[in-house]
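Subject: Structure handover

Hello,

Here is the structure for your files. Please open it first, then read the notes below it.

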Amino acid sequence: MDDASGEAAASGGQRSDCRTGTGDGALENQTLSKRQMKKLLKQQKWEEERELRKQRRKERKQHRKQQRQNSQQESRGDGQSARKRPRRELTPSSLRLVVDCSFDNLMLIKDVRKLHKQIQRCYAENRRASHPVQFYLTSLGGQLKQNMDEKDKGWVNWKDITITEEHYSKVVVKDELVYLTSDSPNVLEELDQKKAYVIGGLVDHNHHKGITYERAKELGIGHAQLPLSSFVKMNSRKVLAVNHVFEIILAYLEKGSWQESFFTILPQRKGAVAISQDGTNPQENEDDDEEECSSSDSDRDNTEQTEIRDLNIGQAVTSQQTSII
């Protein structure tokens, strides 16, 4: 009896172990969702293709290296390096252009930022110009310098430019200074290579009209305006941005023509129209002709309307006389 019960217990234990093992396997399969199974398979595939990806990267790297070598060989055949192309020939001008930054306290910070961008444009255009001028930036300080330090720290490494906190009158001899201002009665016909032309570094939206002209008179230095009115008619005032004046002078040094320089640099929003040599505007002549035509047509229409009105009045009078008779 004891042996039989022992065997039965052992048999029951074995059956219990088998059921337990089967339950663990089913539980393990149930713990992984379909998404997890896909992720697991994707990870396994990624690991299997690791060497293949490494080999492909190596091949692409060798291919790029071969392309660089081929381009370098071609450039050597031309006698120059692909990375070091010769800079075009420049003819530096002895002309001096000075941006006067002494109006810092008259500008809002948003206008100071605009001036900073205009100065950046002047510097860039002068660097790539065929006849670069001697560039001076004077009276630098206050909001403008702070903005340049924050937005463009590389300005301290600018080349071919003189930057100083001093006033331009202490940097250049007064007799050689000419302030460019649209309020001056003097018109600049030609550029004098011995002069230093001053551009007012001011963005004020016409809040301080005539201030650069007054400053020039106070200091007793020369002043003049660009010959804009002699070649161009604009819809707006003749006040130009700092970089526009700067670029017009650079263009004049290259082209030798004021009119061509104006139309190369002036933005379209200025509505610039060329003026002929006799001082008239061709567009105005066309408008005058159109006005004369429209005026004559109007007079003719008025005459016809008057005749019709008189005819109607005559018919009405005749009718009235007939009825009275």
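Start with the salt bridge between the side chains of Glu125 and Arg121, at 3.1 Å from N to O. A salt bridge here means a side-chain nitrogen of Lys or Arg within 4 Å of a carboxyl oxygen of Asp or Glu.

Some ground rules. This is a predicted model: local features need pLDDT of at least 70, side-chain atom pairs count only at pLDDT 80 or more, and totals for chains, interfaces and linings use all residues. Residues are numbered from 1 along each chain as its sequence is written, and side-chain values use heavy atoms, with hydrogens and water left out.

Salt bridges

Glu125 and Arg121 sit about one helical turn apart, because they are 4 residues apart in helix H4. Helices (H or I, at least four residues) and strands (E, at least two) are DSSP runs, numbered from the N terminus. Glu125 is buried, at 18% relative accessible area. Arg121 is partly exposed, at 39%. The cut-offs are under 20% for buried, over 50% for exposed, and partly exposed in between (1.4 Å probe, protein chains only).

This pair belongs to a wider set. Arg121, Glu125, Arg128 and Glu247 are linked in a network of salt bridges. The whole structure has 9 salt bridges.

Two others to look at:
- Glu214 pairs with Lys217, with the closest N and O atoms 3.6 Å apart. Both lie in helix H6 (residues 211-219), 3 residues apart, about one turn of the helix. Glu214 is partly exposed at 38%, and Lys217 is partly exposed at 43%.
- Glu47 pairs with Arg50, with the closest N and O atoms 2.9 Å apart. Glu47 is partly exposed at 38%. Arg50 is partly exposed too, at 41%.

Second largest pocket

Glu125 and Glu247 turn up again here. They are among the residues nearest the centre of the second largest pocket, along with Leu250, Ala251 and Glu254. The lining has 12 residues. Helix H4 (109-128), helix H8 (242-255) and helix H9 (258-265) each give two or more residues to that lining. H8 gives the most, with 5 residues. By class, the lining holds 4 nonpolar, 2 polar and 6 charged residues. Ala, Val, Leu, Ile, Met, Phe, Trp, Tyr, Cys and Pro count as nonpolar, Asp, Glu, Lys and Arg as charged, and the others, Gly among them, as polar.

The pocket holds about 190 Å³ of space. A pocket is an open set of points on a 1 Å grid over the protein atoms alone, where a 1.4 Å probe fits, with protein on both sides within 12 Å along at least five of seven lines; lining residues have an atom within 4 Å of a point. The volume is the space filled by probe spheres set on the points, which are joined across faces, edges and corners.

Surface patch

Leu32, Met37 and Leu40 form a nonpolar patch on the surface, with about 250 Å² of accessible area together. Patch residues have over 30% relative accessible area and no salt bridge, and nonpolar side chains (Val, Leu, Ile, Met, Phe, Trp, Tyr) are joined within 5 Å. Areas come from the Shrake-Rupley method with a 1.4 Å probe; for residues, only the protein chains shown count as cover. Met37 lies in helix H2 (residues 34-48). Met37 is partly exposed, at 36%.

Ala274 is in strand E8 (residues 273-274). Ala274 is partly exposed, at 31%. The C-alpha atoms of Ala274 and Glu260 are 9.9 Å apart, and the two are 14 residues apart along the chain.

Best wishes

Definitions and conventions. Patch = residues over 30% accessible without salt bridge, like charges linked within 9 Å, V, L, I, M, F, W, Y side chains within 5 Å.
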